[in-house]
Amino acid sequence: MFYTLSKHDGATHMTKLHVLGIGSPFGDDQLGWEVVKLLQQKPTLHCFGPDQLHIDHYDRPGMHLLELMKPAQTVFLIDAIKTGAIIGTIHRFQNEEIEGIGDRLSTHDLGISAAMKIGAILQVLPPKVVLYGIEISDAPFQFALSEPIKQAIKALSVRVESEILSILR
């Protein structure tokens, strides 16, 4: 079972930074969950309280993503994407760039880009949203992570940890 670094009691609390792993429990689409799992194990992040840092994963949240982002000043989203780049390539998009990439990159029916566009119209987005995407293939349904994605997950967890520390310290 995954855990969060902050306790969620159902109430809305402002948090400085949310890290949200997006995906499903299958194949390379679980990469967001796996990055979150690695981040939750980082001793350097355990010193931050729930008002500073919240790390969790979500199974294809669709429009619920707007609710998940609402109580944060900064949000890091981690998800599988498809741009045509080399498998395992790490991408970083921020704010309007995310809206501009379109849902063709998403592996979900209602992707992050659509949620961001609606959030912008409703004016409910946090000031800073960063999407970290790892390039996946169009491989048919699989249960396990592929080797290139395993390597990218490790690299991305280090990169995200560094950015978390630069924001919160």
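**View 1. Phe26 occupies the loop that connects strand S1 (15–23) with helix H1 (31–40).** The model shown here and in the following views is predicted. Phe26 counts as partly exposed because its relative accessibility is 31%, between the limits of 20% for buried and 50% for exposed residues. Together with Phe141 and Phe143, Phe26 makes a nonpolar surface patch of about 360 Å².

**View 2. An open sheet of five strands has the order S2-S1-S3-S5-S4.** The pairing within this sheet is mixed. Strand S2 (53–59) and strand S4 (90–94) stand at the edges; each has a single partner strand, so one side of each lacks a neighbour in the sheet. From one strand to the next, the twist averages 20 degrees.

**View 3. Strands S1 and S2 pair in the parallel sense.** Seven bridges join S1 and S2. In general, the strands of a sheet pair through backbone hydrogen bonds, in either a parallel or an antiparallel manner. Here, His18 has His54 of S2 as its bridge partner.

**View 4. His54 is located in strand S2.** With a relative accessibility of 6%, His54 counts as buried, because the class covers residues under 20%. The C-alpha atoms of His54 and Thr15 are 7.2 Å apart in space, although the two residues are separated by 39 residues in sequence.

**View 5. Helix H1 lies across S1, S2, strand S3 (72–81) and strand S5 (128–135).** Relative to S2, H1 runs at about 155 degrees. The loop between S1 and H1 is the one that contains Phe26.

How values were computed. Residues numbered from 1 in each chain as written. Predicted model: local features only at pLDDT ≥ 70, side-chain atom pairs only at ≥ 80, totals over all residues. Heavy atoms only, no water. Patch = residues over 30% accessible without salt bridge, like charges linked within 9 Å, V, L, I, M, F, W, Y side chains within 5 Å. Areas by Shrake-Rupley, 256 points an atom, 1.4 Å probe, with all protein chains shown as cover. Salt bridge = Lys/Arg side-chain N within 4 Å of Asp/Glu carboxyl O. Helix = DSSP H or I, 4+ residues; strand = E, 2+ residues; numbered from the N terminus. Buried < 20%, exposed > 50% of the residue type's maximum accessible area, 1.4 Å probe, protein only. Pairing = 2+ DSSP bridges. Axes fitted to C-alpha atoms, helices over the stretch in contact; angles between N-to-C directions. Contact = heavy atoms within 4.5 Å.
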